Amino acid sequence: MNRFAGKVALVTGAAGGIGRACAVQLAGEGAALCCVDYNAEALNDTMAALGDGNLQKLALTCDVRDEAQVADTVKQCVDHFGRLDALVNMAGTLRFDMAVDLEVKDWSNVIAINLTGTMLMCKHALPHLESSSGSIVNAASTAAHAGIPYGIAYAASKGGVLAMTRSIAMEYAKRGVRANTVSPGHIATGMTNDITFPEEADIDFLFQRTESILPPADPKGVASMVALLASEEAFHITGQDVLIDGGTLG
Ligand SMILES: NC(=O)c1ccc[n+]([C@@H]2O[C@H](COP(=O)([O-])OP(=O)(O)OC[C@H]3O[C@@H](n4cnc5c(N)ncnc54)[C@H](O)[C@@H]3O)[C@@H](O)[C@H]2O)c1
């Protein structure tokens, strides 16, 4: 498939598991790629994973919590490639806390990365996406739908992403920009592998709540849906969320 020939995609969280898989998928379908993350070292690994070939690619380090950095990143991308067709927001963070122990600074950091960072990227990309009749795919989560024990900041941030993305979809439907979310269940990545649980947490209960019925998916299982939603094949789909959870939520 060459659904993104001549198109430019910007992927945040491109140094992480799902973001990197999205970058590889979109590049494999012909997109020029702007890969964005605040982890410069891991971002280099993503650039290497994209290979050399004829691919046009650009790596930009950016902390999505910082509006000046976000504005500059989108500008550099458009200055370099001349256009922007797809924005894929995968930058994110997860932490577990007992509700009574969650500190405001930790709550605020989760909201700043997952929700405010996604909003800032959308805000600065939308004028360019309007010019190209492009689209947005944001990362929500099953936690936005069903909650997750010990993850109140994470679930709240992802619920915000769902509602915000639907609102962007409504505001921009007549202006030619589509916006959708994907809601993965448990996917093995750095986010889910390097996690600390509070001592009092009932981990068995947590795993019961997040276990899929289908065999576990890897990040490619998310990337293929992200590419479909970002592509013109999904021309009549906006304001929607796709659960990619192997039946976890039934
Ligand atoms: N893995 C899962 O089970 C799962 C489930 C549901 C939703 N998600 C969502 O999918 C997205 C991708 O997750 P993943 O599993 O690939 O995680 P990951 O930890 O592998 O990747 C996340 C990436 O975001 C980057 N990042 C974090 N804070 C940033 C910031 N302030 N500025 C720029 N980059 C920043 C990290 O450096 C990392 O490369 C996230 O939004 C996550 O919440 C993941």
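## Basis of the model

Because the model is predicted, local features are given where pLDDT is at least 70 and side-chain atom pairs count only at pLDDT 80 or more, whereas totals for chains, interfaces and linings use all residues. Residue numbers start from 1 along each chain as its sequence is written. Helices (H or I, at least four residues) and strands (E, at least two) are DSSP runs, numbered from the N terminus.

## Helix α4 against helix α6

Two packed helices are described by the angle between their axes and the distance between the axes. Axes are lines fitted to C-alpha atoms, for helices over the stretch in contact, and angles run from 0 to 180 degrees between N-to-C directions. The axes of helix α4 (residues 104-132) and helix α6 (residues 152-172) come within 8 Å and cross at roughly 15°, which means that α4 is roughly parallel to α6. Here angles under 35 degrees count as roughly parallel, over 145 as roughly antiparallel, 65 to 115 as roughly perpendicular and the rest as oblique.

The crossing of α4 past α6 is right-handed, a term used if the near helix is turned clockwise from the far one by less than a right angle, with anticlockwise giving left-handed. Residues are in contact if their C-beta atoms, placed from the backbone, lie within 7 Å; among those making this contact are Trp107, Val110 and Leu126 of α4, and Tyr154, Met164 and Tyr172 of α6. By class, the residues of this contact comprise 13 nonpolar, four polar and two charged, where Ala, Val, Leu, Ile, Met, Phe, Trp, Tyr, Cys and Pro count as nonpolar, Asp, Glu, Lys and Arg as charged, and the others, Gly among them, as polar.

## Helix α1 against helix α9

Helix α1 packs on helix α9 (residues 219-230) at an angle of about 50°, with their axes 8 Å apart, and the two are therefore oblique to each other. This crossing is right-handed. From α1, Gly17, Ile18, Ala21, Cys22, Gln25 and Leu26 meet Pro219, Lys220, Val222, Ala223, Ser224, Val226 and Ala227 of α9, and the contact residues divide into nine nonpolar, three polar and one charged.

## Individual residues

Tyr154, in helix α6, counts as buried because it has 25 C-beta neighbours inside 10 Å; the cut-offs are 20 or more other C-beta atoms within 10 Å for buried, 12 or fewer for exposed, and partly exposed in between, with C-beta atoms placed from the backbone. Beyond its neighbours within four places in sequence, Tyr154 is in contact with Leu94, Arg95, Val110, Ala143 and Ile148. Leu94 is 60 residues from Tyr154 in sequence, yet their C-alpha atoms are 6.0 Å apart.

Two residues other than glycine have a positive phi: Ser133, at about 50°, and Tyr150, near 75°. Ser133 lies in the loop between α4 and β5 (135-139) and, with 13 C-beta neighbours inside 10 Å, is partly exposed. Tyr150, in the loop between α5 (142-146) and α6, is buried, with 22 other C-beta atoms within 10 Å.

Note on methods:
Contact = placed C-beta atoms within 7 Å.
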